[in-house]
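Hello,

Please find the structure below, handed over for your own reading. My notes on it follow.

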Amino acid sequence: MDETIQLLKDLTESNGISGYESPISECIQTYLQPLGSIHKDKLGSLICKKEGNAQKPVVMLAAHMDEIGFMVKHITKEGYIKFLPLGGWFDQVLLGQRVTISTHKGEVRGVIGVKPPHMLSAEEKNKVIEKKDMYIDIGSTSLEEVEAAGVRIGDPITPEAKFEILNNNKSLLGKAFDDRVGVAVMIETLKKFQNSPHPNTLFGVASVMEEVGVRGATTSVEVVQPDVAIILEADIAGDVPGVKPEESTVKLGGGPGVLFYDARMIPNLKLRDLVIELAKEKEIPLQISMITGGATDGAAIHLYKTGVPTIVITVPARHIHSHSSIIHLDDYKNALNLVIALIQILDEEKVLSLIN
Ligand SMILES: [Zn+2]
(Lines give C-alpha, C1' and ligand atoms only; values in the text may rest on other atoms or scores of the structure.)
Protein backbone atom coordinates (compact mmCIF):
# COMPACT_ATOMS: atom_id res chain seq x y z
CA MET A 1 0.00 0.00 0.00
CA ASP A 2 1.17 3.52 -0.85
CA GLU A 3 2.63 5.32 2.22
CA THR A 4 0.10 8.15 2.12
CA ILE A 5 -2.84 5.75 1.88
CA GLN A 6 -1.47 3.69 4.76
CA LEU A 7 -1.06 6.86 6.84
CA LEU A 8 -4.63 7.99 6.13
CA LYS A 9 -5.98 4.51 6.88
CA ASP A 10 -4.09 4.31 10.20
CA LEU A 11 -5.16 7.80 11.24
CA THR A 12 -8.85 7.42 10.36
CA GLU A 13 -9.22 3.93 11.79
CA SER A 14 -7.76 5.03 15.14
CA ASN A 15 -10.29 6.16 17.71
CA GLY A 16 -10.02 9.46 19.53
CA ILE A 17 -13.08 11.53 20.27
CA SER A 18 -12.72 14.93 21.93
CA GLY A 19 -11.25 14.55 25.41
CA TYR A 20 -10.50 10.84 24.87
CA GLU A 21 -7.66 11.09 22.37
CA SER A 22 -5.19 8.48 23.74
CA PRO A 23 -5.50 5.91 20.90
CA ILE A 24 -5.12 8.45 18.08
CA SER A 25 -2.40 10.27 20.01
CA GLU A 26 -0.34 7.06 20.21
CA CYS A 27 -0.81 6.46 16.49
CA ILE A 28 0.34 10.01 15.64
CA GLN A 29 3.33 9.74 17.98
CA THR A 30 4.65 6.67 16.15
CA TYR A 31 4.63 8.70 12.92
CA LEU A 32 6.12 11.86 14.49
CA GLN A 33 8.85 10.10 16.51
CA PRO A 34 11.48 10.08 13.74
CA LEU A 35 10.61 13.61 12.52
CA GLY A 36 11.55 15.91 15.42
CA SER A 37 11.49 16.36 19.19
CA ILE A 38 8.05 15.69 20.65
CA HIS A 39 6.41 17.47 23.58
CA LYS A 40 2.90 17.38 24.98
CA ASP A 41 1.04 20.23 26.56
CA LYS A 42 -0.93 19.50 29.72
CA LEU A 43 -4.20 18.91 27.85
CA GLY A 44 -2.57 16.32 25.58
CA SER A 45 -1.86 18.14 22.30
CA LEU A 46 1.23 16.78 20.56
CA ILE A 47 3.89 19.27 19.53
CA CYS A 48 6.73 18.20 17.25
CA LYS A 49 9.63 20.64 16.78
CA LYS A 50 11.74 20.46 13.62
CA GLU A 51 14.66 22.86 13.44
CA GLY A 52 15.52 24.48 10.13
CA ASN A 53 18.15 26.92 8.86
CA ALA A 54 16.98 29.75 11.14
CA GLN A 55 15.46 29.96 14.62
CA LYS A 56 13.04 32.65 13.48
CA PRO A 57 10.35 32.75 12.31
CA VAL A 58 8.52 30.08 14.25
CA VAL A 59 5.94 28.45 11.98
CA MET A 60 3.02 26.59 13.59
CA LEU A 61 1.38 23.90 11.47
CA ALA A 62 -1.78 22.89 13.30
CA ALA A 63 -4.31 20.12 12.75
CA HIS A 64 -6.69 18.66 15.29
CA MET A 65 -6.52 15.00 16.22
CA ASP A 66 -9.93 14.64 17.87
CA GLU A 67 -13.06 13.44 16.08
CA ILE A 68 -16.70 13.91 17.03
CA GLY A 69 -18.32 11.15 19.07
CA PHE A 70 -20.42 10.50 22.16
CA MET A 71 -20.18 9.64 25.84
CA VAL A 72 -22.25 7.08 27.77
CA LYS A 73 -24.76 9.14 29.73
CA HIS A 74 -27.19 6.63 31.17
CA ILE A 75 -27.97 2.91 30.98
CA THR A 76 -31.65 1.92 31.13
CA LYS A 77 -32.79 -1.04 33.19
CA GLU A 78 -33.69 -2.81 29.94
CA GLY A 79 -30.03 -2.56 28.83
CA TYR A 80 -30.03 0.38 26.41
CA ILE A 81 -27.42 3.13 26.44
CA LYS A 82 -28.38 6.79 26.29
CA PHE A 83 -25.62 9.06 25.03
CA LEU A 84 -24.31 12.61 25.12
CA PRO A 85 -22.84 14.08 21.91
CA LEU A 86 -19.28 15.44 21.92
CA GLY A 87 -19.07 17.78 18.94
CA GLY A 88 -21.61 18.84 16.34
CA TRP A 89 -23.78 15.90 15.28
CA PHE A 90 -26.70 16.15 12.87
CA ASP A 91 -29.56 13.96 14.16
CA GLN A 92 -30.39 12.60 10.71
CA VAL A 93 -27.04 10.87 10.11
CA LEU A 94 -27.18 8.75 13.26
CA LEU A 95 -29.90 6.10 13.05
CA GLY A 96 -28.75 2.60 12.13
CA GLN A 97 -25.05 3.48 12.46
CA ARG A 98 -22.57 1.24 14.25
CA VAL A 99 -20.51 2.56 17.14
CA THR A 100 -17.69 1.33 19.36
CA ILE A 101 -17.79 1.86 23.12
CA SER A 102 -14.30 1.75 24.65
CA THR A 103 -14.62 0.19 28.11
CA HIS A 104 -12.13 -0.91 30.78
CA LYS A 105 -12.78 -4.47 29.55
CA GLY A 106 -12.19 -3.68 25.88
CA GLU A 107 -14.24 -2.57 22.89
CA VAL A 108 -17.98 -3.17 22.73
CA ARG A 109 -19.86 -2.77 19.46
CA GLY A 110 -23.38 -1.40 19.21
CA VAL A 111 -25.89 0.22 16.90
CA ILE A 112 -27.86 3.46 17.26
CA GLY A 113 -31.58 2.73 17.30
CA VAL A 114 -35.01 4.18 17.82
CA LYS A 115 -38.57 2.84 18.06
CA PRO A 116 -39.18 0.67 14.94
CA PRO A 117 -40.88 2.48 12.00
CA HIS A 118 -43.69 -0.10 12.06
CA MET A 119 -44.71 1.18 15.46
CA LEU A 120 -44.54 4.90 14.72
CA SER A 121 -47.70 6.88 14.14
CA ALA A 122 -48.04 8.77 10.82
CA GLU A 123 -47.30 11.97 12.68
CA GLU A 124 -44.19 10.52 14.36
CA LYS A 125 -42.85 9.26 11.01
CA ASN A 126 -42.89 12.77 9.54
CA LYS A 127 -40.88 14.22 12.42
CA VAL A 128 -37.11 14.35 12.66
CA ILE A 129 -36.07 12.00 15.42
CA GLU A 130 -33.75 13.75 17.84
CA LYS A 131 -30.61 12.34 19.46
CA LYS A 132 -32.22 12.52 22.87
CA ASP A 133 -34.81 9.96 21.76
CA MET A 134 -32.20 7.54 20.37
CA TYR A 135 -30.27 4.86 22.21
CA ILE A 136 -27.39 2.48 21.61
CA ASP A 137 -28.17 -1.22 21.54
CA ILE A 138 -25.24 -3.58 22.29
CA GLY A 139 -27.43 -6.67 22.14
CA SER A 140 -28.00 -6.88 25.89
CA THR A 141 -31.35 -7.57 27.55
CA SER A 142 -30.71 -5.94 30.92
CA LEU A 143 -28.70 -3.32 32.78
CA GLU A 144 -26.72 -6.14 34.42
CA GLU A 145 -25.60 -7.47 31.03
CA VAL A 146 -24.44 -4.01 29.92
CA GLU A 147 -22.44 -3.66 33.13
CA ALA A 148 -21.00 -7.16 32.72
CA ALA A 149 -19.80 -6.14 29.23
CA GLY A 150 -17.75 -3.43 30.97
CA VAL A 151 -19.77 -0.36 29.95
CA ARG A 152 -19.70 2.48 32.49
CA ILE A 153 -21.12 6.00 32.56
CA GLY A 154 -18.57 8.33 30.91
CA ASP A 155 -17.11 5.76 28.52
CA PRO A 156 -16.30 7.19 25.07
CA ILE A 157 -18.32 6.12 22.02
CA THR A 158 -16.73 6.36 18.56
CA PRO A 159 -18.31 6.01 15.11
CA GLU A 160 -17.43 2.63 13.62
CA ALA A 161 -16.40 2.86 9.96
CA LYS A 162 -13.90 1.06 7.77
CA PHE A 163 -11.45 2.90 5.53
CA GLU A 164 -12.08 2.19 1.83
CA ILE A 165 -10.55 3.24 -1.49
CA LEU A 166 -13.12 4.38 -4.09
CA ASN A 167 -13.36 5.80 -7.60
CA ASN A 168 -10.54 3.89 -9.26
CA ASN A 169 -8.06 4.69 -6.47
CA LYS A 170 -8.78 8.44 -6.63
CA SER A 171 -11.11 8.91 -3.66
CA LEU A 172 -11.06 7.70 -0.07
CA LEU A 173 -13.97 6.89 2.23
CA GLY A 174 -13.67 6.83 6.00
CA LYS A 175 -14.57 8.40 9.29
CA ALA A 176 -12.80 11.37 10.87
CA PHE A 177 -11.16 12.90 7.79
CA ASP A 178 -12.09 15.98 9.83
CA ASP A 179 -9.33 16.44 10.79
CA ARG A 180 -7.11 13.40 10.39
CA VAL A 181 -6.52 14.56 6.81
CA GLY A 182 -4.98 17.72 8.27
CA VAL A 183 -2.88 15.63 10.66
CA ALA A 184 -1.65 13.58 7.68
CA VAL A 185 -0.63 16.75 5.78
CA MET A 186 1.22 17.96 8.91
CA ILE A 187 3.09 14.64 9.29
CA GLU A 188 4.03 14.40 5.61
CA THR A 189 5.18 18.05 5.57
CA LEU A 190 7.56 17.38 8.47
CA LYS A 191 8.73 14.25 6.69
CA LYS A 192 9.47 16.19 3.51
CA PHE A 193 11.73 18.61 5.42
CA GLN A 194 13.89 15.86 6.90
CA ASN A 195 16.09 16.07 3.81
CA SER A 196 15.33 19.53 2.49
CA PRO A 197 16.13 22.98 3.95
CA HIS A 198 13.56 25.42 5.35
CA PRO A 199 14.30 29.00 6.51
CA ASN A 200 12.43 28.78 9.84
CA THR A 201 11.65 26.58 12.85
CA LEU A 202 8.68 24.33 12.27
CA PHE A 203 6.26 23.11 14.91
CA GLY A 204 3.80 20.42 13.84
CA VAL A 205 0.89 20.36 16.27
CA ALA A 206 -1.85 17.74 16.59
CA SER A 207 -4.30 19.46 18.91
CA VAL A 208 -6.93 17.92 21.14
CA MET A 209 -10.57 18.94 21.72
CA GLU A 210 -11.08 21.20 18.69
CA GLU A 211 -14.59 19.88 18.15
CA VAL A 212 -15.76 21.03 21.56
CA GLY A 213 -14.41 24.59 21.23
CA VAL A 214 -10.77 24.79 20.03
CA ARG A 215 -9.44 23.92 23.48
CA GLY A 216 -6.17 22.17 22.55
CA ALA A 217 -5.17 24.98 20.19
CA THR A 218 -5.68 27.51 22.99
CA THR A 219 -3.08 25.77 25.18
CA SER A 220 -0.62 24.43 22.58
CA VAL A 221 -0.12 27.88 21.03
CA GLU A 222 1.37 28.95 24.40
CA VAL A 223 4.06 26.27 23.98
CA VAL A 224 4.84 27.07 20.36
CA GLN A 225 4.67 30.91 20.51
CA PRO A 226 4.34 31.14 16.72
CA ASP A 227 5.22 34.06 14.46
CA VAL A 228 2.94 32.67 11.75
CA ALA A 229 0.40 29.81 11.66
CA ILE A 230 -0.96 27.48 9.00
CA ILE A 231 -4.10 25.60 10.01
CA LEU A 232 -4.74 22.36 8.13
CA GLU A 233 -8.39 21.36 8.01
CA ALA A 234 -11.01 19.31 6.27
CA ASP A 235 -13.26 21.61 4.25
CA ILE A 236 -16.93 21.22 3.45
CA ALA A 237 -17.35 20.21 -0.18
CA GLY A 238 -20.46 21.83 -1.63
CA ASP A 239 -20.74 19.64 -4.73
CA VAL A 240 -23.65 17.59 -3.46
CA PRO A 241 -27.29 17.81 -4.63
CA GLY A 242 -29.15 20.70 -2.99
CA VAL A 243 -26.23 23.11 -2.48
CA LYS A 244 -26.50 26.36 -4.46
CA PRO A 245 -23.41 28.00 -6.03
CA GLU A 246 -23.80 30.99 -3.73
CA GLU A 247 -23.67 28.62 -0.74
CA SER A 248 -20.45 26.83 -1.78
CA THR A 249 -18.45 26.23 -4.93
CA VAL A 250 -15.95 23.90 -3.27
CA LYS A 251 -15.73 20.72 -5.31
CA LEU A 252 -14.13 17.36 -4.62
CA GLY A 253 -11.08 17.03 -6.88
CA GLY A 254 -11.01 20.80 -7.53
CA GLY A 255 -7.90 21.40 -5.43
CA PRO A 256 -7.16 22.40 -1.86
CA GLY A 257 -9.11 25.27 -0.36
CA VAL A 258 -8.10 28.52 1.29
CA LEU A 259 -10.55 29.90 3.83
CA PHE A 260 -11.54 33.54 3.26
CA TYR A 261 -13.91 33.46 6.19
CA ASP A 262 -15.12 31.31 9.05
CA ALA A 263 -17.25 32.09 12.06
CA ARG A 264 -14.29 32.97 14.28
CA MET A 265 -11.47 34.14 12.01
CA ILE A 266 -10.72 36.34 9.03
CA PRO A 267 -7.26 35.31 7.81
CA ASN A 268 -4.27 37.64 7.52
CA LEU A 269 -4.89 39.14 4.06
CA LYS A 270 -1.23 39.35 3.01
CA LEU A 271 -0.74 35.70 3.93
CA ARG A 272 -3.96 34.81 2.11
CA ASP A 273 -2.81 36.58 -1.04
CA LEU A 274 0.65 35.03 -0.74
CA VAL A 275 -0.98 31.57 -0.75
CA ILE A 276 -3.03 32.49 -3.83
CA GLU A 277 0.04 33.80 -5.70
CA LEU A 278 2.09 30.78 -4.73
CA ALA A 279 -0.59 28.34 -5.93
CA LYS A 280 -0.68 30.18 -9.29
CA GLU A 281 3.10 30.07 -9.60
CA LYS A 282 3.28 26.35 -8.75
CA GLU A 283 0.24 25.59 -10.94
CA ILE A 284 -1.66 24.12 -7.99
CA PRO A 285 -5.46 24.45 -8.35
CA LEU A 286 -6.90 26.36 -5.41
CA GLN A 287 -10.50 26.85 -4.28
CA ILE A 288 -11.90 29.71 -2.23
CA SER A 289 -13.97 28.63 0.72
CA MET A 290 -16.11 30.36 3.33
CA ILE A 291 -17.56 28.57 6.31
CA THR A 292 -20.26 30.55 8.08
CA GLY A 293 -21.33 27.76 10.42
CA GLY A 294 -18.05 26.65 11.92
CA ALA A 295 -14.53 27.57 12.99
CA THR A 296 -11.04 26.07 13.19
CA ASP A 297 -8.08 25.99 15.57
CA GLY A 298 -7.18 29.33 13.94
CA ALA A 299 -9.85 30.92 16.17
CA ALA A 300 -7.54 30.60 19.19
CA ILE A 301 -4.17 30.71 17.44
CA HIS A 302 -4.63 34.01 15.56
CA LEU A 303 -5.60 35.72 18.82
CA TYR A 304 -2.52 34.55 20.73
CA LYS A 305 -0.77 37.41 22.57
CA THR A 306 -0.77 40.42 20.22
CA GLY A 307 -1.96 38.38 17.24
CA VAL A 308 -0.51 35.83 14.81
CA PRO A 309 -0.83 36.00 10.99
CA THR A 310 -2.84 32.86 10.29
CA ILE A 311 -4.26 31.06 7.27
CA VAL A 312 -6.39 27.92 6.89
CA ILE A 313 -5.52 25.52 4.05
CA THR A 314 -8.07 22.78 3.52
CA VAL A 315 -8.74 19.45 1.85
CA PRO A 316 -12.39 19.32 0.72
CA ALA A 317 -14.44 16.48 2.18
CA ARG A 318 -18.00 15.41 1.50
CA HIS A 319 -20.29 14.37 4.38
CA ILE A 320 -18.10 15.57 7.24
CA HIS A 321 -19.48 15.13 10.75
CA SER A 322 -20.92 11.73 9.85
CA HIS A 323 -19.65 8.13 9.90
CA SER A 324 -18.45 8.27 6.30
CA SER A 325 -16.73 11.19 4.63
CA ILE A 326 -15.03 11.23 1.23
CA ILE A 327 -11.88 13.04 0.12
CA HIS A 328 -10.00 13.11 -3.21
CA LEU A 329 -6.33 12.09 -3.32
CA ASP A 330 -5.42 14.82 -5.82
CA ASP A 331 -6.70 17.45 -3.37
CA TYR A 332 -4.64 15.87 -0.61
CA LYS A 333 -1.45 15.84 -2.68
CA ASN A 334 -1.99 19.38 -3.94
CA ALA A 335 -2.62 20.62 -0.38
CA LEU A 336 0.60 18.97 0.75
CA ASN A 337 2.59 20.52 -2.11
CA LEU A 338 1.10 23.95 -1.42
CA VAL A 339 1.95 23.79 2.30
CA ILE A 340 5.51 22.65 1.53
CA ALA A 341 5.99 25.48 -1.00
CA LEU A 342 4.64 28.00 1.52
CA ILE A 343 6.99 26.88 4.30
CA GLN A 344 9.94 27.13 1.91
CA ILE A 345 9.35 30.88 1.47
CA LEU A 346 8.34 31.80 5.05
CA ASP A 347 11.62 33.38 6.17
CA GLU A 348 11.91 36.13 8.76
CA GLU A 349 11.64 39.01 6.30
CA LYS A 350 8.55 37.53 4.61
CA VAL A 351 6.79 36.91 7.91
CA LEU A 352 7.58 40.44 9.16
CA SER A 353 6.15 41.84 5.93
CA LEU A 354 2.79 40.18 6.73
CA ILE A 355 2.20 42.50 9.68
CA ASN A 356 3.51 45.75 8.18
ZN1 LIG B 1 -12.13 20.03 11.88
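In which helix is Asp179 found? Asp179 is found in helix α5, residues 177-192. Helices (H or I, at least four residues) and strands (E, at least two) are DSSP runs, numbered from the N terminus. The peptide bond that leads from Asp178 to Asp179 is cis, with omega near 10 degrees.

Before the rest, two points on the source. This is a predicted model, in which local features need pLDDT of at least 70 and side-chain atom pairs count only at pLDDT 80 or more, while totals for chains, interfaces and linings use all residues. Residues are numbered from 1 along each chain as its sequence is written.

Domains

The protein chain divides into domain 1 (3-67 + 175-353) and domain 2 (69-159); such bounds come from an automatic or database domain assignment. Between the C-alpha centres of domain 1 and domain 2 the distance is 32 Å. The contact between them draws 12 residues from domain 1 and 13 residues from domain 2, where two residues are in contact if their C-beta atoms, placed from the backbone, lie within 7 Å. On the side of domain 1 that touches domain 2, 3 residues are nonpolar, 6 polar and 3 charged.

A barrel is closed by 6 strands in the order β4-β5-β8-β7-β6-β9, with antiparallel pairing. Two strands pair if DSSP finds at least two bridges between them. From one strand to the next the twist averages 45 degrees; axes are lines fitted to C-alpha atoms, for helices over the stretch in contact, and angles run from 0 to 180 degrees between N-to-C directions.

Thr100 belongs to strand β6, residues 98-103. Is Thr100 buried, exposed or partly exposed? Thr100 counts as partly exposed because it has 17 C-beta neighbours inside 10 Å. The scale is this: a residue is buried if 20 or more other C-beta atoms lie within 10 Å of its own, exposed if 12 or fewer, and partly exposed in between, with C-beta atoms placed from the backbone. Apart from its neighbours within four places in sequence, Thr100 is in contact with Asn15, Glu107, Arg109, Thr158 and Glu160. Thr100 and Glu160 are 60 residues apart along the chain, yet their C-alpha atoms are separated by 5.9 Å.

Thr141 sits in the loop between β8 (135-137) and α4 (143-148). Thr141 is exposed, since 9 other C-beta atoms lie within 10 Å. Thr141 and Ala176 are 35 residues apart in sequence and 31 Å apart in space, C-alpha to C-alpha.

Strand β10 (residues 164-166) and β11 run antiparallel and are joined by 3 bridges, with Glu164 opposite Leu173 in β11. The two form a hairpin with 4 residues between them, and Asn167 in the turn has a positive phi of about 55 degrees. Asn169 also lies in the loop between β10 and β11; its phi is near 70 degrees, a positive value in a residue other than glycine. Asn169 counts as exposed, because it has 10 C-beta neighbours inside 10 Å.

In a regular strand the side chains alternate between the two faces of the sheet.

Other points

The peptide bond from Lys56 to Pro57 is cis, with omega near 0 degrees, and Pro57 lies in the loop between β2 (46-50) and β3 (58-64). Val214, in the loop between β12 (201-207) and α6 (215-224), has a positive phi of about 40 degrees although it is not a glycine. Val214 counts as buried because it has 21 C-beta neighbours inside 10 Å.

Helix α9 (residues 329-345) has 17 residues, so at 1.5 Å a residue it should span 24 Å, which agrees with the 25 Å between its end C-alpha atoms. The expected span is 1.5 Å times one less than the number of residues. Buried residues in α9 include Asp331, Tyr332, Leu338 and Ile343.

Regards

Methods
Ala, Val, Leu, Ile, Met, Phe, Trp, Tyr, Cys and Pro count as nonpolar, Asp, Glu, Lys and Arg as charged, and the others, Gly among them, as polar.
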